[in-house]
Amino acid sequence: MAISIEPLSLLRLIPLFPLLMAAGNIFLGAWWGKKRSGLLACAAVTLSFLLSLWVWWHLPAAGAFRDHLFTWIESGTFKAAVSLQVDPLAAVMLFIITGVGLLIHIYSLGYMGHDEGMVRYFAYLNLFVFFMLLLVMADNLLLLFVGWEGVGLCSYLLIGFWYQDHTNTIAGNKAFIVNRIGDFGFLLGILLLFWELGAQGVWTLDFADLKQSAHLISPQKVTLITLLLFAGAAGKSAQIPLYVWLPDAMQGPTPVSALIHAATMVTAGVYMIARLHFLFSLAPLTLKVIAAIGALTAFFAATMALAQNDIKRVLAYSTVSQLGYMFLALGVGAFSAAIFHLFTHAFFKAGLFLSAGSVIHALGGEQDMRKMGGLRPYLPTTYLTYLASALALSGAPLTAGFFSKDQILGQAFASPSGSFWLWSLAWVTAGLTAFYMFRQFFMVFHGDSRVEQRLKAHIHEAPAVMTMPLMVLALGSIFAGWLGAPEFLWGSLWDHWLQPFFGGPEGIPHGDLSQEILLMLLALASAGVGFFLAYLFYGRSGKIPDASWAGGGLYRWLLNRYYVDELYDRVLVRPLTSGAGWCAQIFDLGFIDGVVNGLAHRIREASLFWRRLQSGNVQHYLLGFLAGTLIILAYYLGR
Amino acid sequence: MTAPRMLFFILATLAIASSLAVIAQRSVVRSAMALVATLFLIAVLFLALEAPMVAFLQILVYAGAIMVLFLFVIMLLHPGASEGRRPLWWGLGSLTALLLALELITFISRSSPPTVQQRSTAGGSFGSPEMLARSLFTDFVLPFEVASVLLLVALIGVVVLAKREVH
Amino acid sequence: MAPLHDYLFLSAIIFAIGVTGVIIRRNLIVILMSIELMLNAVNLTLIAFSRSLGAIEGQVIVVFVMTVAAAEAVVGLAIIISIFRHRQTLDPQEMQMLKW
């Protein structure tokens, strides 16, 4: 079903404000001072948010909006333009990016208030918002890729924000490089798509045109293209095997983790597949692969979260796990459900991260949960917001997470491309999720205090500028999910909103009502068991249990994340580095430089030899004259 | 072998001998004297070649004025040091010059004598001052004037060059 | 009178001797004298041809050669005096400022 498109030139203002403010902070930030740059940065995002709301309000009447800025590439019949487009899917993303983004900007005013590099921080943050907006508003694949790369860049800059510490820069490098590997696949996919369509005579990368012509490509090629594109999504959205950068990305400031590595950038992969859903629908094999990887990632990441001791690491693996859920949904064809979970996840994950930030701020930088405990009396507001978000993540009844996760689980079981095994993996993961979430909750806020003496005196609740956003996010965690309730409750506004985009009956198929309720109850049961076990081990007594529960070996494996990083290092990184070293030292320095330098050397030697002719002695020169004359005479004699 | 030819050979041998003396003598003064002798011998050869005017000019100007000048300078500077023996260089230089001589001789021997042209008898016998003057002041008057300027320039130049520095 | 060729041979030999002197000797004055020797050889050639061709122009040219030779010898000697004043030597090997 085609959507009618109306031109709207104020679309360009939405990404423009953050871009301008980023530039402003870069060039004038030192003159503005920390406070002013922070406020201006927030103002820019506020304007974008208000504009997004306006667009969202007027969208149903129009169908979709487009803003064509200028033609970027023109070659033969191929045209790629810098052109922005907002349809129902993009509107959702806009809301998340500017809305949650705004909350995090405000939070950062407090969290980064004492940091020397605050001006630089807000410049990078605004730049990130710009690129992310570009990504979701792009109307062709090339412009999307520009935004894609841009957010990768900002992620690198922000992870390594405190660059004086070497571990932070290494983490930034890791993120960027692993991303690049995925991007390689992504780029190949784009090129192959371009080529294949071109072979049919259609030279375009605009989404609208792609949708019309996707059926022209042969099924095998479509499968290959979509697999390559998924490689890119796996890199950006931290799925197996390219997830390793996300836990390390926690080296960056906590608001960055909330914005980039929970709510927005990591969801770009999900968004990209949703936007190209018509292409992926033509490749059932790829969808199976996506679902399988999504489910596996969800499970594995959850197991790794069980054993972590750093408060942010747990949340990082949780993010990987939840992203796995989203890909699982995409893989079984429940595109709307995937985006719904993306939406709710933005709220509660950002809420969790910012609450964790509040705890870290209160403890003066401590992040090890074994040195926390009993913080409830000191941090009452943070306690409540954390609880709300944790309940949502675990899928407690009537919270946002409950509805969105429920939809995914339902689809995983019932959809024609779903299966029992996919569902069961997701179901177990739900239980694990509840367990690790409340393990963290009890370790941090309940029980005996294990906080170091010197820090105890300074524990204080966060300032209002930080707690306000927390409360908004907590409310969102609870209520945002009410948009997508199943039919027997009050129906899903969500699917209704996205239907024009995804078309067809891709909303919740009105399957067996009793099956739906059964699945819902099973999900609740799984979460309940998880919660109960966490309470048993961590909540009841005041102390944390001995670290060797469930057998020492298994624990060590989980704590060290199955030694995956070490494996990558041994198998990939070391051979590459030594190969590069060989190229640099032996081949380049030795051979190539040797040839070039050697050539120069020989020439110099020759020249040193021949310049002795210039003896300065006139009589030698005369002899030379004479010799020349003789030769010429001899020539004439010979004729 | 006619008498004139034999005379020529004697003169030629002497001329070559004295030329060799010019370049081979250790003492500069002796070289200068050998050069004077060579110039004289060549003047005699000029006489034999029906160029009496030029012969006398040779003796007066070349042997008389120029060589005196050379001797003046030699005496003024009296350079003392004698050169070391350098057989390699001497051998190389002589060899090259010998080759030159051989090539020239080969050239000459291959060429045919030019045709004798009719001599004009206007203005005295061949080689006389009158004939010389006639040609000099009519056909060659411009070079003649230029030559006088040249001499003037040389004169001035030499005075400037050889002056002692005025402090 | 000897045939033309004989005079030409003699001239070539004297010229070659003059060239040898310029190349071999290490005294500027002797070098200048060798140059005079070469000039004389050429004069001899010119006079011989003048007689052989019956053209007086040869002798006129010789007069000019002598004039220029005189000027040149004089200037050369002045230069030699200048050089000797500065360097106290007449050895061309000592004057190698054109060396690399």
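Predicted model: local features only at pLDDT ≥ 70, side-chain atom pairs only at ≥ 80, totals over all residues.
**Chain B, overall.** I started with the secondary structure and found 6 helices and 0 strands in chain B. Reading from the N terminus, I wrote the order down as α-α-α-α-α-α.

**Chain B, dimensions.** Along the principal axes, I noted a box of roughly 60 × 45 × 25 Å around the C-alpha atoms of chain B.

**Chain B, burial and contacts.** I checked burial too: 23% of the 167 residues of chain B count as buried. Then I took the contacts in chain B between residues at least 6 apart in sequence, and 46% of them join residues at least 24 apart.

**A helix pair in chain A.** I then turned to α3(A), residues 88-111, and α10(A), residues 254-263, whose axes come within 9 Å and cross at roughly 165 degrees. An angle over 145 degrees counts as roughly antiparallel, so I logged α3(A) as roughly antiparallel to α10(A). The crossing of these two helices is right-handed.

For the residues in this contact, I listed several from α3(A), including Ile96(A), Val100(A), Ile104(A) and Tyr111(A), and from α10(A) I noted Pro255(A) and Leu259(A) among others. The contact of α3(A) with α10(A) divides into 9 nonpolar, 3 polar and no charged residues.

Note on methods. Residues numbered from 1 in each chain as written. Chains lettered and ligands numbered in written order. Helix = DSSP H or I, 4+ residues; strand = E, 2+ residues; numbered from the N terminus. Buried ≥ 20, exposed ≤ 12 C-beta atoms within 10 Å, placed from the backbone. Contact = placed C-beta atoms within 7 Å. Axes fitted to C-alpha atoms, helices over the stretch in contact; angles between N-to-C directions. Parallel < 35°, antiparallel > 145°, perpendicular 65-115°, else oblique. Left-handed = near helix turned anticlockwise from the far one by under 90°. Nonpolar A, V, L, I, M, F, W, Y, C, P; charged D, E, K, R; others polar.
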